[in-house]
Amino acid sequence: MIIRLVNVKGNLRRKLEFWKRIGKSKFIIGRGYMPLPFLGLPETAVFNNNRSSLVHAEFVEDAIGELVESGRVLEVIVPLLLIYPLSVSVQVAGKKWLRYI
């Protein structure tokens, strides 16, 4: 079985002509990615990680490290408004998946 990693970073930029042709939304393309116009910011909320992420802590550390190294996620210093829980899904064959919202 061949597993191919899909890196979505930069895909919008590569398809810029397509978006222009179909009548782009100002919320999709501007000077890069533009934030959606929300009415207000959500209240701060921090959720505890699920038990599965604690049981498979080493896997979680490795998976997050791979996401950071590949540029799919960024480590931030500033406090976030929402921090969602992590969980680990273990398939019947033993394959593990990091799950997050």
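Predicted model: local features only at pLDDT ≥ 70, side-chain atom pairs only at ≥ 80, totals over all residues.
Residues are numbered from 1 along each chain as its sequence is written, and side-chain values use heavy atoms, without hydrogens or water. Local features need pLDDT of at least 70 and side-chain atom pairs 80 or more, while totals for chains, interfaces and linings use all residues.

Start with the whole chain in cartoon view. You'll find four helices and four strands (DSSP runs, H or I of at least four residues for helices, E of at least two for strands, numbered from the N terminus). Along the sequence they read α-α-β-α-α-β-β-β. Of the 101 residues, 14% are buried (under 20% relative accessible area, 1.4 Å probe, protein chains only).

Next, select 86–90 and 96–100. These are β3 and β4, running antiparallel and joined by five bridges (DSSP needs at least two for strands to pair). Five residues separate them in a hairpin, and Gly94 in the turn has a positive phi of about 100 degrees.

Now click on Ser89, in β3. Opposite stands Trp97 of β4. Beyond its neighbours within four places in sequence, Ser89 is in contact (heavy atoms within 4.5 Å) with Lys95, Lys96, Trp97 and Arg99. Show side chains, too: those of Ser89 and Gln91 make a polar contact at 3.1 Å (N or O atoms within 3.5 Å, one able to donate a hydrogen and the other to accept it; residues adjacent in sequence count only if both atoms are side-chain atoms).

Last stop: Val46, in β1 (residues 45–46). Val46 counts as exposed because its relative accessibility is 57%, where the cut-off is over 50%.
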